[in-house]
Amino acid sequence: MTDPVVPPPPGELDGWQRLHPLSPILRGGLVLLAVLGYAASQLFDQVLSSLGLGSVVPDGIAEGGPDDPTAALVAHPLLALLLVLGVIGVVAGANWASWRFSRFRVAPHQVELRQGIVFRQHRQVPFERVQAVELSRPLLARALGLAQVVVQSAGGSDSHLRLAFLSLARAEQLRDELLERAGRSDEASPTVLSPGGGLPHDEVGVATAPPARAGIPVLQVPNGRLFVATILHSSTIVLGALLLAALGGTGLGRYGPVVIIGVPAVLPIAIGVAIGRVKELLTHGNFLIADTGTGVRVQEGLTDLRTNTIPLHRLQAIELVQPLWWRPFGWWRIRVNVAGAHGGGEGSEGRETTLLPVGTLDDARLVLAVVAPRLSREDLHDGALGDRPQPGWQAVSNRTRVLDPLSWRRNAFRIGPDAVVLRSGRVTRRVVAVPHARVQSLTVSQGWLEGRLRVASVHVVPAPGPVDPRLSHLELADAELFLAEVSERARAARRAASRPTPSLAPDPPGLVDWSPQQQGHPHDERS
Amino acid sequence: MADPSTVTLHGGDLPWRPVSPRLARVRLVTLALLVVPLLVAAGVVGLLVTRWALLGLVVVAVAGAWAAWVVVRQVSAISWVELEEEIVIRRGRLFRTLVSVPYGRLQYVDIQSGPLMRSQGIATCEIHTASPESGGSLPGLPVEEAEALRTRLSARGEAQRAGL
């Protein structure tokens, strides 16, 4: 995506826009706050000690004697002020210059960003490569009414195009514009015509209806429920059990000392667990999912409120998962694989791929009605809760129940007209659906023991993400049947996807349909 | 073309094609590069220092022979077939895997060959899809066949390409 800089041809100079003039302040804002905070704390401390109230920080730090630089600075307030102003000036200058040299524009077929003073960079993302557009609002930006637009493309986080910052209204407008264009040039490979009316994708963006801008809110997750669900995690449960055992241990005089010695060893783990849980809470707080017609808009974040719009046709696989601890409440989580969202690095993990952090099966149905409108209630119910053989579900081998003592009745697959559905797990329940049109490849494997038992495992490979659909220990014949059947359906689905006009006959009712024909009008029948 | 519904993990009626036996030669040479210095070292120590090292010599020799047998069997177990819309690759005897990659999902095809493989005139054909784990790799194709395969795969991929 990063091309060597070439000066723009004369005719293309127009259309280049600057980012919001407040953005350098915002970018430097953190440094500014840190400098001011440090200065203030030093000053405060000095004032306190001069009033004879003693030091609020340990002696060694505050009472540095005459050599202490802070003492010198307090003695010469003007010098201190100059120093602070100097630092602020340098930071502000650098940010201002970087703002001055950053420009972006929306060209007919791509969005472009030029930035850099010494090392110049010109990044272009063609619309057909746009995977999702995210609106992010860190705390400071929210205070100033600004937002950052991140255009995600297939190459992972390095290839993202980041516009920081724009006014909120402009950012939303830009987001909608980009999504509209990106949605129109979907499936635009050289041989495939755009699904709507057989227009070649060069003519995209012409005569398109504006999408529903704000989207229809589908579901909101109460922060209270999210809090409880976040606490109910294996790590916290184990830690809690440890603590209880420790408390019990201290009661018995003999073990008391041992336990007290053990506490510091557990402390780092406890801190790690706490950080993980708080991060989860911060990421998924204020969760709101909305239906925009061609995609879903996910808004989440306790402090850093992000809005991410995922076009429906970028969804590759979908998973409902219920950890054991959530079962008393009947809670589920929905995760998806989104093309291009992988490789987002640590920070974005789980952000772009969670469509429901925690919710009841009914909540999950509401979300699935938007993202997978053709998943039938019964199939969802059977897939989520079924734990014994059912018509339509092909279970794994019962000869290998010693290998899956708990889940051998539950593990099963069902090949629907639109998607293949795998259900598994008695402890952590899991249902995975991969639309036939999204299957990347299929794998059948057989280890040594599996070979002896004449069973095999299948793996449906979608585009990468948190969802990994596999099913172990099928009868060999069933696994081969699965391979043949899913291959056949995938073939048909690919052919359907590359047909210029949708078929006249209505598709059979069934599970999930994410085929491109559906994009234009998937949600009218929802409610 | 053959009926694609008869893809099986074992045997089968499809025209499964083996890879070149020269791949076994390449892998045996690689194995020998590892085993022979060990044998020599064990032999020298056994003659000069302690007779116990000769026991090590025997162990290494047996392990090397077993590894060579495994290599030969592994190579003979790799087979592949081009169907109308997929390429299917099978490998392994003890641990069998079968990968079926539709042409329409191909992103790109790499041909790799190291100096040893080049000396035997064979190459590895790596098939990449949008998912890093789903690609197949087909080692030990004669170079001209690997290139012909790549050309065929690219052409079919272009003709049957489906969006992500």
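View 1. The model is predicted: local features need pLDDT of at least 70, side-chain atom pairs count only at pLDDT 80 or more, and totals for chains, interfaces and linings use all residues. Residues are numbered from 1 along each chain as its sequence is written, with chains lettered from A and ligands numbered from 1 in the order in which they are written. Strand β11 (residues 295-300) of chain A runs antiparallel to β12(A), and six bridges join them. Strands (E, at least two residues) and helices (H or I, at least four) are DSSP runs, numbered from the N terminus; two strands pair if DSSP finds at least two bridges between them. The hairpin formed by β11(A) and β12(A) has four residues between the strands, and A:Gly301 in the turn has a positive phi of about 120 degrees.

**View 2. Strand β12(A) and its pairing with strand β6 (residues 130-137) of chain A.** β6(A) and β12(A) run antiparallel and are joined by five bridges. A:Glu134 has A:Asn308 as its bridge partner in β12(A). A residue is buried if 20 or more other C-beta atoms, placed from the backbone, lie within 10 Å of its own, exposed if 12 or fewer, and partly exposed in between.

View 3. A:Ile289 is buried, with 26 other C-beta atoms within 10 Å. Leaving aside neighbours within four places in sequence, A:Ile289 is in contact with A:Val218, A:Leu219, A:Val296, A:Val298, A:Leu355 and A:Val367. Contact requires C-beta atoms, placed from the backbone, to lie within 7 Å. A:Thr309 is 20 residues from A:Ile289 along the chain, and their C-alpha atoms are separated by 9.5 Å.

**View 4. The contact between chain A and chain B.** Chain A gives 31 residues to this contact and chain B gives 29 residues. On the side of chain A that touches chain B, the elements giving two or more residues are β20 (441-446), α12 (448-453), β21 (455-461) and α13 (476-498). The largest share, ten residues, comes from α13(A).

**View 5. Strand pairing between β20(A) and strand β4 (residues 96-102) of chain B.** The two strands run antiparallel and are joined by five bridges. A:Ser445 stands opposite B:Thr97 in β4(B).

How values were computed
Contact = placed C-beta atoms within 7 Å.
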